[in-house]
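Trainee: Could you take me through this model feature by feature, giving the general idea before the particular case?

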Amino acid sequence: MTVQLDTAWEPRAQALADELEARGDLTDPAWKAAVAETPRHVLVPEVYQQDSNGEWQPLDVTSPSGLDRVYSPTTLVTALADRGTHREGISSSTKPDLMVRMLETLDVHDGQKVLEIGTGTGYNAALLSHRLGAERVFSVDLDADLVDPARERLASIGLRPTLVTRDGAEGLPEHVPYDRIIATCSVPVVPDAWWEQLADGGLLLTDIKRGTGAGNLVLLRRNGDELEGRFTDRWAAFMLMRHHHERPRVLYTPTDADAHTRTTSAPPNPWEHNRVVWFLAHFTGLPSGARFGMRFDPDTRQPTAGTITAPDGSHAFVMLEPTPGGKWSVTESGPTPLWAAVEEAHQAWRAAGEPGWGRFGMTTTAGDQWVWIDEPHGKYQWSLTV
Ligand SMILES: C[S@@+](CC[C@H](N)C(=O)[O-])C[C@H]1O[C@@H](n2cnc3c(N)ncnc32)[C@H](O)[C@@H]1O
């Protein structure tokens with residue numbers, strides 16, 4: 001479905017560009033012009049938002065309120081997948097403030113070729129095409145039913161970047177090398193194809209994520225066979241890269257058998273309040289696939305505890321209200337002591353002087369990838385490939 005251009009979008013797009021500049025999300029006039037002159041509503045004909053019951057409802061993007069939402073710094077969920085018991089967002093148009101911050105971070109120059117992983121709606125490909133010329137923009141997404149309509153919509157506004165249906169982990173070898181690669185889905189490690197396809201001296205911007213919310217954007221420069229760079233100061237999160245033929249996620253029921261309660265000095269809810277600690281916990285013992293949640297008081301509906309569950313049935317919950325001694329009560333059960341991993345991460349973070357994201361960096365070589373604090377071969381290193 002292609003939405004017809006109307007005249008009401010232009011002042012809204014200009015207002016969005018002005019707002020992003022005023023907020024400091026963009027400083028480069030070329031990106032400002034790209035936002036002001038790109039009809040985002042044409043690229044997001046189907047948008048879904050959750051109602052108060054958590055049900056996904058379609059948004060009419062051509063109504064005045066729909067247009068207001070489309071031309072605002074908001075992520076728009078644009079494709080859903082049926083997961084049996086519920087529907088889940090599988091594609092979205094990233095919020096424009098984050099998109100332009102990423103594009104400025106990518107330090108794009110005239111004449112450069114850019115590969116995007118995660119075409120989605122095509123909005124980011126449209127911004128890149130406006131800035132560089134569509135012949136220098138390449139973008140891949142996993143599903144033809146995302147890529148083909150995006151190609152059609154981009155063509156309807158006169159933009160013809162190269163869009164290919166492909167698992168982004170393979171990159172796009174047909175058009176190498178790329179001066180810049182930008183991934184708008186997250187990965188647990190950098191796929192080999194990306195550094196192989198990046199020009200020497202080129203930049204790669206991706207979200208490295210080890211679990212839900214456990215990671216951040218990292219900007220890596222290629223130097224020979226090595227990529228190296230720092231995580232960005234401001235935290236951002238993208239949906240995890242999907243693959244065809246991957247097993248559906250198993251929903252597991254935690255058991256409270258063998259539950260053991262004690263106090264902890266690691267504050268609860270690192271996934272909300274200290275994402276650096278939450279990231280580190282994925283190197284200090286949290287099993288792959290661990291998930292966090294909350295417990296609520298049934299009467300007041302206020303949150304009372306943070307929870308972590310793991311696929312092996314292990315479970316931990318930590319009370320949000322501190323004990324009179326200024327600690328927190330934590331209960332762990334199952335084969336893996338989940339909160340112990342958070343405590344170890346918290347201790348490592350404190351020992352390193354409580355670093356923010358700006359002190360974290362990452363290096364990839366032919367056989368290894370690791371995260372570090374301050375320097376690649378210093379005291380604090382965690383391997384991403386074990
Ligand atoms: C946040 S959306 C991308 C937003 C997009 N750049 C835009 O401007 O609308 C993330 C996208 O990553 C895509 N994706 C997930 N796994 C992928 C994979 N293995 N290869 C390529 N794309 C993938 C999703 O289908 C989804 O469209």
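Mentor: What follows goes through sheets, salt bridges, cores, a helix and aromatic rings in turn. This is a predicted model, in which local features need pLDDT of at least 70 and side-chain atom pairs count only at pLDDT 80 or more, while totals for chains, interfaces and linings use all residues. Residues are numbered from 1 along each chain as its sequence is written, and side-chain values use heavy atoms, with hydrogens and water left out.

Trainee: In what order do the ten strands of the open sheet lie?

Mentor: Helices (H or I, at least four residues) and strands (E, at least two) are DSSP runs numbered from the N terminus, and two strands pair if DSSP finds at least two bridges between them. Here the order of the ten strands is 7-6-5-8-9-10-11-17-18-19, with mixed pairing. Strand 7 (162-165) and strand 19 (381-383) are the edges, each pairing on one side only. Within this sheet, strand 11 (residues 226-231) and strand 17 (residues 360-364) are antiparallel and share four bridges; R230 has G361 of strand 17 as its bridge partner.

Trainee: Which helix packs on the sheet, touching strand 6 and strand 7?

Mentor: Contact means heavy atoms within 4.5 Å, and axes are lines fitted to C-alpha atoms, for helices over the stretch in contact, with angles running from 0 to 180 degrees between N-to-C directions. By these criteria, helix 7 (residues 144-156) touches strand 6 (137-141) and strand 7, and the direction of helix 7 makes about 165° with that of strand 7.

Trainee: What is the order of the strands in the five-stranded open sheet?

Mentor: The order is 12-16-15-14-13, and the pairing is antiparallel; strand 12 (260-264) and strand 13 (291-296) are the edge strands. The twist from one strand to the next averages 25°. Strand 12 is joined to strand 16 (residues 328-333) by five bridges, and T331 in strand 16 is the bridge partner of T261. Helix 11 packs on this sheet, touching strand 12, strand 14 (303-309), strand 15 (315-319) and strand 16, and its direction makes about 15° with that of strand 12.

Trainee: How many salt bridges does a search of the whole structure find?

Mentor: A salt bridge is a side-chain nitrogen of Lys or Arg within 4 Å of a carboxyl oxygen of Asp or Glu, and the search finds 19 of them. R23 pairs with D25, where the closest N and O atoms are 2.9 Å apart, and R23 also meets D97 at 2.8 Å, N to O.

Trainee: Is D97 buried or exposed?

Mentor: Buried means under 20% relative accessible area, exposed over 50%, and partly exposed in between (1.4 Å probe, protein chains only). D97 is therefore buried, at 2%; D25 is buried as well, at 2%, whereas R23 counts as partly exposed at 41%.

Trainee: Which residues have the most contacts inside the largest nonpolar core?

Mentor: In soluble globular proteins, nonpolar side chains tend to be buried together. A nonpolar core is a set of buried Ala, Val, Leu, Ile, Met, Phe, Trp, Tyr and Cys residues joined through side-chain atoms within 4.5 Å. The largest one has 57 residues, and those with the most contacts inside it are I117, W194, F231, I308, W339, F360 and W382. Its largest share, seven residues, comes from helix 11 (residues 338-351). Another core lies apart from it and has 44 residues, including W9 and M102.

Trainee: How many of the residues of helix 6 are buried?

Mentor: Nine of the ten are buried, so helix 6 is mostly covered.

Mentor: Rings of Phe, Tyr and Trp (its six-membered ring) pair if their centres lie within 6.5 Å, and planes under 30 degrees apart count as stacked, over 60 as edge-to-face and the rest as tilted. The structure holds 13 such pairs. In one of them, the rings of W357 and F360 have centres 5.7 Å apart and planes at 55°, so the pair is tilted. W357 is buried at 7%, and F360 is buried at 0%.
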